[in-house]
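Me: I'd like to learn how to read a few features off a model like this one. Could you walk me through it?

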Amino acid sequence: MKTSYFALAVIGMGPFVLGATAQAADGAGSAASSNVAVYGVLDAGIVAERGCAANCASSKVSGGVASGSRLGLQGREALGNDVSAVFTLEAGVQNDTGQSEDGRLFGRQAYVGLDSRLGALTLGRQYNLQYLALTDVADPFKGGMAGSASNLAGYSVKRYDNTVKYVSPALRGVSASAIYSFGESPYSSANNRAYGATLGYSAGAVNVSVSHQRKNNFILASGTLPAIDMSSRNTLIAANVDLKVATAFAAVGVNKGYGSSPWDPNNAYSSLALSMSSSDSRDTLLGVSVPVGGFKLLASWVHKDDRDLANRDASQVAVGLTYCLSKRSDFYASYAKIHNKNGARYTVGNASDAGRGDAAFNLGFRHGF
């Protein structure tokens, strides 16, 4: 019990205790017993895009279409009394070219922390909770292939840097999690700050999640005064129900702020023109997954209702299938089409690419290890 109380104290004190622990452990080697696992996913497919505004390849080979290709290390060391030190280092790989994803060594995840009966507290680069609720609970495509719900719904940034995350243990199917991302900007840390929370229930055939996130993000445009505020506030209710013969998916989201809808933060011109963004919108998602032998049939409909004066609505219809060769290997195919209204410029992407057209077809193979 003493160690459990210590874990509770760490949860209360946050980064100060963990920082001190890391310094004390530095250079100590691996004398204590620990469990380290190497894992990964390699995914490659053919992507054919249509309806591009410019620079659209008719077809190409892409890595990470259904799932982002990755190589990871995950470790756990028992410290006694149900308390363990945990870490994850996960590198994204563009396996069509062999390059690193986003130019980062461990750009997918990089965190360390403690896990106990009181919950898990971790520090580092970690997933946005609202994104996890959308992809893990509401999306039959699980955030991948052409049918990815994040093409239209929610907030498109998947991970936050400099993040403190707490995940509670499940109690009668109920669990909670919260994150806080320090801005750590050279100009103003408040401008980059993010925080969010999720409350979930999973028992039997029912899985429901309610999440909310807030991200501060002011773009300091050259020659533009005042700075463009691309902050976002996103609330999402996501659910799925296992009906035995099929699994039904649904979600409803409320988005506020010019940065609250999918947009490409790497393209300054798209953010300044706001051609893809909405400051007030509602998301609706309906989907289904049907297992048929080794196949799984997928379908979803996602609608973005833009409440701005421009009324840039968009709807996405997607179908797909997977065929399992084993527990770790499968083929997949999918097609999605977005109908944009009044100048909206949403594009059909996949797990690793935002896409450039309003329609896309994917055909590929995925293997996990």
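Me: How many salt bridges does the structure hold?

Reply: This is a predicted model, and it holds 14 salt bridges. For each one, look at the gap between N and O, then at where the partners sit. Take Lys-60 and Asp-353, whose side chains meet at 3.1 Å, N to O. Lys-60 is in strand 2 (residues 60–63), while Asp-353 is in the loop between strand 19 and strand 20 (359–368), so to speak a link between distant parts of the chain, 293 residues apart.

Me: Which parts does the pair of Asp-161 and Arg-104 tie together?

Reply: Asp-161 and Arg-104 form a salt bridge with their closest N and O atoms 3.1 Å apart. Asp-161 belongs to strand 8 (residues 159–167) and Arg-104 to the loop between strand 5 (99–100) and strand 6 (109–116), so parts 57 residues apart in sequence are tied together. Asp-161, at 28% relative accessibility, counts as partly exposed; Arg-104 is partly exposed too, with 35%.

Me: Let's turn to helices. How should I read helix 3?

Reply: The general idea: an α-helix has 3.6 residues a turn, so residues three or four places apart point the same way. Then check the cover. Helix 3 (residues 129–138) is mostly covered, with eight of its 10 residues buried, including Leu-129, Tyr-131, Leu-134 and Val-137. Look at its start as well: a side-chain oxygen of Asn-128 comes to within 3.1 Å of the backbone nitrogen of Gln-130.

Me: Which residues have the most contacts inside the largest nonpolar core?

Reply: Leu-134 and Leu-285, in a core of 29 residues. Several elements supply at least two residues each, among them helix 3, strand 14 (232–242) and strand 19 (329–340). Helix 3 gives the most, with four residues. Leu-134 touches Ala-149, Ala-153, Leu-236 and Leu-285, among others.

Me: And what does Ser-211 touch?

Reply: Ser-211 is in strand 11 (residues 206–215) and counts as buried because its relative accessibility is 1%. Among its contacts are Leu-129, Gln-130 and Ala-133, along with Asn-234 and Leu-236.

Note on methods: Residues are numbered from 1 along each chain as its sequence is written. This is a predicted model: local features need pLDDT of at least 70, side-chain atom pairs count only at pLDDT 80 or more; totals for chains, interfaces and linings use all residues. Side-chain values use heavy atoms; hydrogens and water are left out. Buried means under 20% relative accessible area, exposed over 50%, partly exposed in between (1.4 Å probe, protein chains only). A polar contact is a pair of N or O atoms within 3.5 Å; within protein, one must be able to donate a hydrogen and the other to accept it, and residues adjacent in sequence count only if both atoms are side-chain atoms. A nonpolar core is a set of buried Ala, Val, Leu, Ile, Met, Phe, Trp, Tyr and Cys residues joined through side-chain atoms within 4.5 Å. Contact means heavy atoms within 4.5 Å. A salt bridge is a side-chain nitrogen of Lys or Arg within 4 Å of a carboxyl oxygen of Asp or Glu.
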